[in-house]
Amino acid sequence: MITCFTSGSKGGTGKTTLSSLLALGCSAAGYRALLVDACSEGGATTSLLGGAPGPYLRDVLEGSAQLVEAVQVYSLPLGEEELDFYLLPNRGPLPSVSLEGFVEQLRRLANKYFDLVLIDMPAYQDPWYEEFLQRSDVVVKVVEPNPAAVAAGIVAWPPGVGDGDPLVVYALNQPRPYPKSVVKEFLDDLRRRFGKEAVVAVPYDYAASRVSPEMLGQVLSHVSDEFQDALYELAQRIIRPREGAAP
Ligand SMILES: Nc1ncnc2c1ncn2[C@@H]1O[C@H](COP(=O)(O)OP(=O)(O)OP(=O)(O)O)[C@@H](O)[C@H]1O
Ligand SMILES: [Mg+2]
């Protein structure tokens, strides 16, 4: 089950925040989630760890490292417990090679060890990145409630569709607080166009806005119930269609 987080050409909508917190939330709930950082800089590796030793995704794509060597497990103190999470980190530009072999290997690894794989994509850079989306099972289009971000999400591959192959889910996120009436207007519009099931509203959350290596433990214990419910709903949309069971 491979899920890509994209926002088309609009940056800063919350792809890294949502994919990272969803990966950690799923891990906390007992799922084995693998987070893949497909950003050259400023993606999940930086926001969760500040940086990580290689090998990186770019090395795997370049063929200078094996996928299994590059997947790393990190432990995060959470209250009395330790939370393990799996990350395929990245640093630097990705080579524009075919992704067929990589995705095949990722699927084989996932079938053995993971319940879900979440890919944190950069904002649209060049058409090469579309292959990640085309080879995914689910595409989460992270948009914020303004016309430019929604338009960018809708035209991102695959254009429109609230359903189909891959399954498309719109996460209407608030990287900054928006007036309730504005959120409702965009939520209603997206639901009318793509179906109620295809859209999940994610609130602005102060703790979620503080994701950083130093604050991570605190962030996880302080995110609001409303934010957690939204992530849970997103997880259900991603996992349920193929497994036939709620997470
Ligand atoms: N639901 C939310 N509540 C509060 N803050 C949020 C939320 N979602 C995102 N943010 C904040 O918005 C900013 C952008 O988020 P993030 O870096 O996740 O976006 P992105 O789509 O990954 O950006 P880029 O396109 O640059 O990769 C960050 O400062 C983050 O903390
Ligand atoms: Mg990002």
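A polar contact here is a pair of N or O atoms within 3.5 Å; within protein, one atom must be able to donate a hydrogen and the other to accept it, and residues adjacent in sequence count only if both atoms are side-chain atoms. By that rule, an oxygen atom of ligand 1 sits 2.9 Å from a polar backbone atom of Gly-12. The model is a predicted one, with local features needing pLDDT of at least 70 and side-chain atom pairs counting only at pLDDT 80 or more, while totals for chains, interfaces and linings use all residues. Residues are numbered from 1 along each chain as its sequence is written, chains are lettered from A and ligands numbered from 1 in the order in which they are written, and side-chain values use heavy atoms, with hydrogens and water left out.

Back to the ligand. On its own, ligand 1 has 630 Å² of accessible area, and the protein covers 75% of that (areas come from the Shrake-Rupley method with a 1.4 Å probe; for residues, only the protein chains shown count as cover).

The shell around ligand 1 holds 17 residues, and Lys-15, Thr-16, Thr-17, Asn-173 and Asp-205 come nearest (a residue is near a molecule or strand if one of its heavy atoms lies within 4 Å of it). Helix H1, residues 15-28, gives the largest share of this shell, with three residues (helices, H or I, of at least four residues and strands, E, of at least two are DSSP runs numbered from the N terminus). Sorted by type, the shell has six nonpolar, nine polar and two charged residues (Ala, Val, Leu, Ile, Met, Phe, Trp, Tyr, Cys and Pro count as nonpolar, Asp, Glu, Lys and Arg as charged, and the others, Gly among them, as polar).

Next come the peptide bonds. Most peptide bonds are trans. The one from Gly-54 to Pro-55, however, is cis, with omega near 0°, and Pro-55 lies in the loop between helix H2 (44-49) and helix H3 (57-62). Another cis bond runs from Trp-157 to Pro-158, with omega near -5°; Pro-158 is found in the loop between helix H7 (147-155) and strand E7 (167-172).

Side chains of opposite charge can pair when their charged atoms come close. A search of the whole structure turns up 10 salt bridges (a side-chain nitrogen of Lys or Arg within 4 Å of a carboxyl oxygen of Asp or Glu). In one of them, Asp-137 meets Arg-107 at 3.0 Å, N to O. Asp-137 lies in the loop between helix H6 (130-134) and strand E6 (138-143) and Arg-107 in helix H5 (residues 100-113), so the pair ties together parts that are 30 residues apart in sequence. Asp-137 is buried, at 13% relative accessible area, whereas Arg-107 is partly exposed at 28% (buried means under 20%, exposed over 50%, partly exposed in between, with a 1.4 Å probe and protein chains only).

Within helix H3, Arg-58 and Glu-62 are four residues apart, about one turn of the helix, and they form a salt bridge with closest N and O atoms 3.9 Å apart. Helix H8 (residues 180-194) has Asp-189 and Arg-193, also separated by about one helical turn, and their closest N and O atoms are 3.5 Å apart. Arg-192 joins Asp-189 and Arg-193 in a network of salt bridges.
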